[in-house]
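User: Could you walk me through this structure? I'm new to this, so please take it step by step.

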Amino acid sequence: MTLGLMAGLLFTPLAWAVLTLLVDFRKGRVVTWLGMAVQMLVSLGLWAVVASDGGFLYLLGGWQAPLGIELRVDGLAVTFVLLTAVVAAACGWHASIYLDPDKAWHRYFWPLFWFLWAGLNAVWLGGDLFNLYVGLELISLAAVGLVALGGQADALRAAIRYLMAALLGSLAYLLGVALIYGQFGTLSLAGVTALLNSAEVPAGLSFALVLMLLGLALKTALFPMHGWLPPAHGIAKSPVSALLSALVVKASFYIAARLWLDLGGHLGSYALAQLIGALGGIAVIWGSWLAFRQVKLKQVVAYSSVAQIGYLFLLFPLTWGVSDAISLQAQQGITLQVISHALAKAAMFLSAGNLIMSVGSNRVDALAGVSRFLPFSLFSFGLAGVSLMGLPPTGGFAAKWLLLQASLASGQWWWLGVLLAGGLLSAAYVFRVYQASFIDDTDIDHFFHPSRSLEVIPMILALLSLGLGLMAEPVLSVMSLPFEAGRGQ
Amino acid sequence: MTPSLLYAFAGVALCSIGLFGFVRIRHLLRKLMAFNLIGSGVFLLMVGLAQRGGQPDPVPQALVLTGIVVAIAATALAVVLIRRYYHLSGQTTLAEPRAKRAKPPAPTANREGSPE
Amino acid sequence: MMRFLGVAIMVAICLAFAGGLALTVWQIAGTPAPVNLPHLLAENLDASGVDHPITAVLLNFRSYDTLLEIGVLVIAGIAGISMAKTTSLEDPDLRTSDSLLYALQRWFVPLMLVLAGYLLWAGSDRPGGAFQAGAVLAASGVMMRLGGIPMDFLRPGMLLRFGLALGFSVFLLVAVASALAGSAFLAYPEAFAKPLILIIEVVLTFSIAMVLLALFVSAPVNRTEEPEEGEAG
Amino acid sequence: MIEWALDGLLVLALLVTAVATLASRDLFRAVVMFIAFGLLMALVWVRLQAPDIALAEAAIGAGLTGVLLLDAARHLGYGRADPCEGQDSDDGQAGPSR
């Protein structure tokens with residue numbers, strides 16, 4: 001059962017990538033719907049198995065860790081696999097209606113979409129440092145391909161910039177992997193952690209950790225390395241922007257977090273943790289401020305991603321040198337933040353796409369009067385915004401509440417300011433969009449009305465993000481399930 | 001100190017030369033070459049450091065083979081994007097477009113806003 | 001002045017980076033690695049189905065890496081052909097009427113095809129294998145292309161997409177077949193390991209060459225008219 | 001001793017070609033330097049007892065990447081340049097000093 005589910009999880013996205021490569025957009029759409037259903041069922045099944053039996057190691061090719069590659073299927077990984085299934089299916093569904101089937105190059109959307117999904121799953125489950133590198137590259141190239149799709153000059157500029165940043169980040173990560181392999185002779189993350197715990201910590205490896213974190217932070221667009229993100233996320237088609245903001249940037253953060261939690265205790269330091277946290281804090285405030293200042297709607301949402309990603313990096317100071325209980329609290333808060341931001345940001349980009357489609361312009365001030373025509377999409381946008389602000393009872397609130405408690409309990413009260421200011425500033429940019437849309441002095445009356453299902457999808461995501469705050473307990477309980485390392489398959 | 005380690009240090013030097021070029025140079029093809037130099041440096045370091053005892057280690061060698069293929073995939077994709085970008089905008093750097101290719105802002109907004 | 005300052009800062013950063021990295025390498029080199037992976041590899045080589053350790057790592061022990069890596073190649077190929085302009089294939093400007101190139105092509109292409117075949121065959125017990133063979137095959141294709149030989153199969157049509165997908169799908173099918181047979185994903189049955197790896201290598205060679213060639217060909221050419229698809233939408 | 005000299009020379013040549021790749025003002029020459037760098041890398045891999053990588057580097061690193069870059073350099077406002085390509089050639093020759 002478990003073996004079948006794992007095979008299905010690994011096989012489906014790759015197989016569907018090939019299948020959709022062979023057919024055109026319309027057929028690819030139908031094929032994709034089938035694949036999304038399969039993938040959703042498999043992800044749910046795996047989540048249920050792990051929720052009831054606990055995590056396990058999956059040996060690819062049947063080879064044990066130092067020689068082969070093992071996948072780490074634990075509560076956190078399956079939570080993210082399920083999150084990916086939900087968000088990617090929503091974006092795929094939206095894209096299947098939103099994208100124009102008559103543009104020849106849109107047929108290549110589906111294979112890239114499926115490869116992206118495959119890469120994300122590979123990263124969530126990855127337990128091998130080099131395999132994570134390959135997974136990251138799979139994600140980056142697929143994402144760049146999606147941004148560049150259609151080949152307008154502006155899109156190409158954004159895509160090239162994105163590609164360059166992603167490649168540099170990957171190389172920094174790979175350099176760290178080379179150093180760690182040189183030190184320990186193994187690539188398994190679990191093996192490295194065990195060696196660090198058992199023997200005396202070798203000098204000099206902190207540099208390797210710093211390099212890897214630096215590369216991953218670049219790929220996650222941490223301030224001040226965020227310059228590539230807004231153009232790429234702003235110019236891509238809305239379903240693509242949603243995928244990139246909701247999931248792709250989380251993949252590199254996820255690896256950074258796993259590295260920090262496994263190796264940071266030995267190789268990290270208080271100063272490093274505080275520095276990363278401070279950069280995250282600046283990102284929250286600076287990103288929100290820039291979001292407030294943007295002229296184009298999707299740029300507002302993209303800069304909001306820069307800000308929301310900043311919160312994630314509070315994980316580093318809040319888990320270093322604190323008691324296990326506080327660390328767990330911080331980890332849960334960050335995980336909730338990842339999930340709620342993924343749902344809310346996907347909802348926001350998809351509804352922004354609907355609004356732009358409706359008024360035919362990308363500018364915020366062009367939204368005047370749209371509240372009369374597209375209240376449903378605007379409402380989804382607002383609901384997602386509420387979650388970003390961190391108002392109760394949303395998932396964003398639950399996340400920030402946990403972070404707040406962790407900051408207070410660990411005596412790092414200064415992060416409170418970041419949490420508070422970030423919430424207020426995000427309220428400011430969401431209300432600015434709302435204000436623009438309620439101005440009623442326009443005499444333009446020809447709004448294009450997108451189809452009903454385009455409006456339903458962001459609403460579902462926004463409601464999920466809202467509901468996350470209410471069902472945080474069951475989600476968190478699966479996420480932190482004890483990991484039975486010895487169980488094998 | 002073994003010859004392998006010497007090559008690992010050569011990898012260190014290549015990485016920093018490449019990094020300097022990658023950050024400072026704006027011409028995209030040159031940037032791409034700088035990326036490949038850093039990549040070669042990382043590969044050298046990986047194999048050189050692992051083989052510091054003098055014995056060949058097939059695992060990092062296999063990893064480097066994988067890495068080379070990933071690097072050529074990225075390079076080839078980047079070349080296609082750069083050439084297409086040059087074809088459309090006449091630019092070889094990522095600088096924002098100059099006034100001479102100014103497109104009126106209104107159609108731009110329309111184009112970006114239209115459903116695709 | 002600002003530019004000078006920028007260069008100076010960047011030089012300082014690069015020197016600090018090089019210093020830190022060199023120091024780390026030196027410190028790491030002082031201690032032996034606690035895990036002896038080459039030894040472990042040698043012990044398990046017999047079970048892998050091939051005699052050449054690197055091929056064993058690439059296509060058996062760490063075959064998942066290779067599977068994803070071929071995925072990366074296919075992605076690059078897809079993204080490349082999504083930019084392709086079909087007209088560039090017949091672009092007369094591309095035909096280089098270089099006599100040197102002609103001679104090279106005349107003598108080198110058959111030689112390179114033979115070399116590719118040899119590399120592929122050698123992979124199981126000597127240096128060589130699918131990647132090198134694929135690269136050589138692609139290089140000979142590039143040479144033929146520069147010589148102006150029209151390669152219709154490289155049009156972004158069904159045939160090209162099929163060629164891109166072939167190696168990857170065979171690899172994937174083998175992977176899932178072993179999973180359906182009850183063991184893990186990508187676990188070859190030991191009796192069939194050798195033929196399976198051989199089949200995978202052959203199709204991979206073909207696909208790698210195809211992707212690299214497609215990427216070379218799909219690069220847009222300047223001299224053609226305005227892009228017909230770029231302005232739409 | 002002679003081996004050390006060989007290795008040292010190889011490393012030196014490697015670094016010189018790397019710097020030349022980035023520093024040469026002329027794009028075409030930079031690409032040629034890059035190909036030379038790839039060939040030297042292949043030699044280095046032989047010295048590191050990695051014949052597989054040496055083969056791959058010669059075929060992919062030097063060969064294919066080189067051809068790709070040469071072809072691209074030819075089209076990016078260098079060499080047989082069209083008049084319309086000339087206007088950006090100052091960008092095309094940007095050295096690292098910019």
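User: For helix α12 (residues 297-312) of chain A, what span should its 16 residues have, and how far apart are its end C-alpha atoms?
Analyst: Keep in mind that this is a predicted model. At 1.5 Å a residue, the 16 residues of α12(A) should span 22 Å. The distance in the model agrees with that, as the end C-alpha atoms are 24 Å apart.

User: Is α12(A) mostly covered or mostly exposed?
Analyst: Let's go by how many of its residues are buried, which takes 20 or more other C-beta atoms within 10 Å of a residue's own. For α12(A), that's 16 of its 16 residues, so by that cut-off the helix is mostly covered.

User: Which residue of β2(A) is the bridge partner of Y58(A)?
Analyst: β1(A) and β2(A) pair in the antiparallel sense, over five bridges. In β2(A), the partner of Y58(A) is L71(A).

User: How do the residues on the side of chain A that touches chain C divide into nonpolar, polar and charged?
Analyst: In this contact, 58 residues of chain A meet 49 residues of chain C. Among the elements supplying at least two residues each on chain A's side are α1 (2-22) and β1 (56-60). That side divides into 40 nonpolar, 16 polar and two charged.

Methods
Residues numbered from 1 in each chain as written. Chains lettered and ligands numbered in written order. Predicted model: local features only at pLDDT ≥ 70, side-chain atom pairs only at ≥ 80, totals over all residues. Contact = placed C-beta atoms within 7 Å. Helix = DSSP H or I, 4+ residues; strand = E, 2+ residues; numbered from the N terminus. Nonpolar A, V, L, I, M, F, W, Y, C, P; charged D, E, K, R; others polar. Expected span 1.5 Å × (residues − 1). Buried ≥ 20, exposed ≤ 12 C-beta atoms within 10 Å, placed from the backbone. Pairing = 2+ DSSP bridges.
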